[in-house]
Structure formats: C-alpha cells, structure tokens
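Welcome, and thank you for stopping by. Here is a short briefing to read alongside the structure.

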Amino acid sequence: MMSQASRRAPQFLLQLNRQLSSSKPPDGQLMNPAELLSPESQLRCMEKMRSLPAFPRPKSLTPSRREKQTSAVLIALCQERGTDQISLLFTRRSRHLRSHSFQISFPGGRRDDQDASYVDCALRETEEEIGLPRHRIQVWGEAKQLHLPRTSSIVPVVGVVPDFSLSELRLNWEEVEEAFSVPLQALMEPQATRHTQFRSGYSGPVFVVDHHRIWGITGYLTHLFLHSLLPPSQLPDCLRTNIKFIRPFKLPPKLPHHREHSAADPSMRT
C-alpha cells in the first residue's frame, strides 16, 4: 500500500506549481536583465520565497541529528561581465569532503554562533569557499527556512552580483572543486529539465546543462527559485510539468533453488 506521506509528496509539487505560477502560456523569451533585476522583480521574488509551502516528510525517512542544525546558502544572480547575461552561481563540492563530495551545490554552509543572521552566514561561507567578498553581493533578502529530511534546515539567501566574472573567484580547494555559472535561459530549456526518483518514493527536479547535473537539494532549490523569480508569463512549459509519484521499485521474490524445487516436485524425481 502507498503510505500517506508518499501520496502527499507528489501533491506538494503540484501545490507548489499552482501556488507559484498560473496557467498563462509562456512567451518563450526571458526578460531583459534590467527587468529581471528590477525592484519589482525583487519584491515579487522575495514575497514568493518567504511563503513557500512546507516540505511533506515521507514516513520512511526517520529523523537524524543533522536536522537540528541550521545552514544558509547563497542563490546568486550574476550579471555576467561584458554581456549582462543573468546566470546562477553554483559550486561543486571538493573531493576531500567526507559527505556529498563532487556534488553540485550553492555556496553556503552551517550557521556559526558568530553569525549575526542567515545573511551573514551565507556571505561568510561564500567568501570562505570561493573568495567572493560580501561587498560584491547586493542582498535581496532571506527566504523561508526549509526543513528537509536527513539534513540541516536551510535558509536560502538571494543576492545579485553585478559585473561578474568567474576569473575573480579564489577557490578554497579543501571545500570547493569547481565554481561555475549557468545562464537562466539554459535552465529553462526543455532538454535541461528532468527529474529523479528517490528510494522513499518521491521524485525531485533535476537540471542537466552541458556536463553539469544539478539535482537533490540544489535541484529542488533551483526549481523553487525559478518559480519565484520568473513571472507567470515567463515560466516555460518544461518547468510547469508535474512530477508524479512513482511507486518504489521492489524486486520480485526469489524463486526456490533448483535442488529444492526438484525435491518438492515429484515429476522431477528419477
């Protein structure tokens, strides 16, 4: 039987898509940078980011000690130097890390007692990880704290980095293997939007751009942010797709061993 939490999980994405978008057909063209980074866009985006629905916890995922911790990540809208193209900034975790090595994430980390706020935490971690100083980031604000299974609660912090170039970054190789930016338009292409199935039975959004596969919590946050940033008329059909629940795959029962079967079946006796 499908558990109640399993049934609720796909409903969450349905509810999220209905809450963050409308049924208007997209025009297929991304707004120009001035409109994307305008005060009106900031207000609309942060209002939605501060009113995100709670994530429905599957019963199969038992609580862990990590969930008592808090962290913050920076979702950076980068205005690329020379082109003004708007991109999102991602990192790939270092091979030296004990957990989730090589996985793609947003800059950020656990909040320390010395951090005055989640904004302070996100800016500090960003500077420590990739060398982007806090004075380069124009902060839009904090999103709603997200409580997710098996990991610390996360507060996304949204900011804008004008005149951005990857060449200005100085990576901390103990924490970050790679830093890269992905154009918003690339994340909106049908061939980039996919989903993955987790063992607990719910699906999550995935973005595949070139050789980068953005999935897990980072894919989920990217999905939330695009729905919050883009007005309904800009949201492409590929981001409106409802990710359905898929019953977890179970192996069929093992057949009896040949010798055991032979002994039980009189027709096989000699």
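Helices (H or I, at least four residues) and strands (E, at least two) are DSSP runs, numbered from the N terminus. This is a predicted model, in which local features need pLDDT of at least 70 and side-chain atom pairs count only at pLDDT 80 or more, while totals for chains, interfaces and linings use all residues. Residues are numbered from 1 along each chain as its sequence is written, and side-chain values use heavy atoms, with hydrogens and water left out.

**The chain as a whole**

- Eight helices and ten strands are found in the chain.
- Of the 270 residues in the chain, 49% are buried; buried means under 20% relative accessible area, exposed means over 50%, and partly exposed lies in between (1.4 Å probe, protein chains only).
- The chain has an accessible surface of about 14,800 Å², and carbon and sulfur atoms account for 52% of that surface. Such areas come from the Shrake-Rupley method with a 1.4 Å probe, and for residues only the protein chains shown count as cover.
- Contact means heavy atoms within 4.5 Å. Among contacts between residues at least 6 apart in sequence, 69% join residues at least 24 apart.

**Two helices that pack together**

- Two packed helices are described by the angle between their axes and the distance between the axes.
- Helix α3 (residues 39–49) packs with helix α6 (residues 216–229) at an angle of about 135 degrees, and their axes are 8 Å apart. Axes are lines fitted to C-alpha atoms, for helices over the stretch in contact, and angles run from 0 to 180 degrees between N-to-C directions.
- That angle makes α3 oblique to α6. Angles under 35 degrees count as roughly parallel, over 145 as roughly antiparallel, 65 to 115 as roughly perpendicular, and the rest as oblique.
- The crossing of α3 past α6 is right-handed; a crossing is right-handed if the near helix is turned clockwise from the far one by less than a right angle, and left-handed if anticlockwise.
- On the α3 side, S41, R44, C45, K48 and M49 make the contact, and on the α6 side L224, F225, H227, S228 and L229 do.
- The residues of this contact of α3 with α6 comprise five nonpolar, three polar and two charged. Here Ala, Val, Leu, Ile, Met, Phe, Trp, Tyr, Cys and Pro count as nonpolar, Asp, Glu, Lys and Arg as charged, and the others, Gly among them, as polar.

**Buried residues to look up**

- T222 sits in helix α6 and is buried, with a relative accessible area of 0%. Not counting residues up to four places away in sequence, T222 touches L88, F90, F106, L187, F207 and I214.
- I75 is 147 residues from T222 along the chain, yet their C-alpha atoms are separated by 8.5 Å.
- I137 belongs to the loop between α4 (118–130) and β5 (138–142), and is buried at a relative accessible area of 8%. Neighbours within four places in sequence aside, the contacts of I137 are L74, L123, T126, L132, G159, V160 and V161.
- From I137 to G159, 22 residues apart along the chain, the C-alpha separation is 5.9 Å.
- S105 is part of strand β3 (residues 104–105) and counts as buried at 15% relative accessibility. Leaving aside neighbours within four places in sequence, S105 is in contact with F90, T91, R93 and T218.
- S105 and V176 are 71 residues apart in sequence, and their C-alpha atoms are 9.7 Å apart in space.

**Residues with a positive phi**

- Most residues other than glycine have a negative phi.
- D84 is not a glycine, although its phi is positive, at about 65 degrees. D84 lies in the loop between β1 (70–80) and β2 (86–93) and is partly exposed, with a relative accessible area of 42%.
- D163 also has a positive phi, near 50 degrees, in a residue other than glycine. D163 lies in strand β6 (residues 153–164) and counts as partly exposed at 43% relative accessibility.

**An exposed loop residue**

- Where is Q191, buried or exposed? Q191 is exposed, with a relative accessible area of 55%, and lies in the loop between α5 (184–187) and β8 (193–197).
- Q191 and F207 are 16 residues apart in sequence and 8.7 Å apart in space, from C-alpha to C-alpha.
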